[in-house]
Amino acid sequence: MMIYVFLFLLGAAVGSFLNVLIDRLPRKEGFLFGRSYCENCRTPLPWFDLIPIFSFFWLRGRCRFCKTRIPLRLLVVEILTGVGFVLLFWLGKDYHGLYYWLLITVYCLLFSSFIVLFFTDLEYGILPDRVVAPAMAATLVWRITPLVLNTRYWILPALGLALFFLFLIAITRGRGMGFGDVKLGFLVGLVLGWPGTLVAAFLAFLLGGLVSAILLVVGRKHFGETVPFGPFLIIGTGIAVVFGSQIWSWYLSLL
């Protein structure tokens, strides 16, 4: 139990740093140095206002200085990252030795990267290269090292999804998605391989279509307005990681 508590607290602390990336990368601000500050009054925040999860409830969700509401996303990211680290540790429990720790490290890095990409695309419509590129590099090292003879099962799906997104960009003249989605698609292909990549892409388009239709019906969006695709692809990836094999088997049973 203590290791799970430690992992949750570690994840919450990492989530606090991920919030900094989500806020600063789209604005091209530095994130390694400089104190955190209130987005509204720009007042530097003391350390006791930056304790993950606890400070949000202690301050009742408002800035100590200007009383502006603290974005709920900050709390969500910290809790989500903490829970995610615990689940990743549990999912890898059947592995042992050095490969286990390599696996957990890569999983946590990818999970953290997908959280940043999810919210930067959702809030700013941006998938930062400074997040996508390191995630690609880590995934390539992870995939190639133990599976040199089987790289085709990861490289080909990655290239296939990226090229498919490029095709969509060409036929829609850039109105359907952007090049950030192409890079994210390549990353997803590296992570999932075959057939998980196909499952994630299908779920992403299905969820994206459903949410877009709902937004149109309730008047939150109008025809011609875009909805970020990255968050749906990331949700599809998460579902494919956990249930991809079952979904693929179910699909094959229908043929």
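Colleague: Where does Glu123 fall: buried, partly exposed or exposed?
Modeller: Glu123 counts as partly exposed, because its relative accessibility is 38%, and the cut-offs are under 20% for buried and over 50% for exposed. Keep in mind that this is a predicted model.

Colleague: Okay, and which side chain does Glu123 meet in a salt bridge?
Modeller: That would be Arg73, at 2.8 Å from N to O. Glu123 sits in helix 4 (residues 97-124) and Arg73 in helix 3, so the pair ties together parts that are 50 residues apart in sequence.

Colleague: What else does Arg73 pair with?
Modeller: Arg73 also forms a salt bridge with Asp23, where the closest N and O atoms are 2.6 Å apart. That one links distant parts of the chain too, since Asp23 is in helix 1 (residues 2-24) and Arg73 in helix 3, 50 residues apart. Put together, Asp23, Arg73 and Glu123 are linked in a network of salt bridges.

Colleague: Are Asp23 and Arg73 buried or exposed?
Modeller: Asp23 is buried, because its relative accessibility is 14%. Arg73 is buried as well, with a relative accessible area of 11%.

Colleague: How many salt bridges turn up in the whole structure?
Modeller: Five. Another one of them joins the side chains of Arg64 and Asp49, at 2.7 Å from N to O. Arg64 is in the loop between helix 2 (54-58) and helix 3, and Asp49 in the loop between helix 1 and helix 2, so this pair ties together parts 15 residues apart in sequence. Arg64 is partly exposed at 32%, while Asp49 counts as buried at 9%.

Colleague: Switching topic: how far apart are the end C-alpha atoms of helix 3?
Modeller: They are 28 Å apart, and that agrees with the 28 Å its 20 residues (72-91) should span at 1.5 Å a residue. Its buried residues include Arg73, Glu78, Gly82, Phe85 and Phe89.

Colleague: Where is the kink in helix 8 centred?
Modeller: On Phe243, with an angle of about 80 degrees.

Colleague: Which residues of helix 8 are buried?
Modeller: Among them are Gly236, Thr237, Ala240, Gly244 and Trp248. As background, an α-helix has 3.6 residues a turn, so residues three or four places apart point the same way.

Key
Residues numbered from 1 in each chain as written. Predicted model: local features only at pLDDT ≥ 70, side-chain atom pairs only at ≥ 80, totals over all residues. Heavy atoms only, no water. Bend = angle between axes of the 7 residues up to and from the residue. Helix = DSSP H or I, 4+ residues; strand = E, 2+ residues; numbered from the N terminus. Buried < 20%, exposed > 50% of the residue type's maximum accessible area, 1.4 Å probe, protein only. Expected span 1.5 Å × (residues − 1). Salt bridge = Lys/Arg side-chain N within 4 Å of Asp/Glu carboxyl O.
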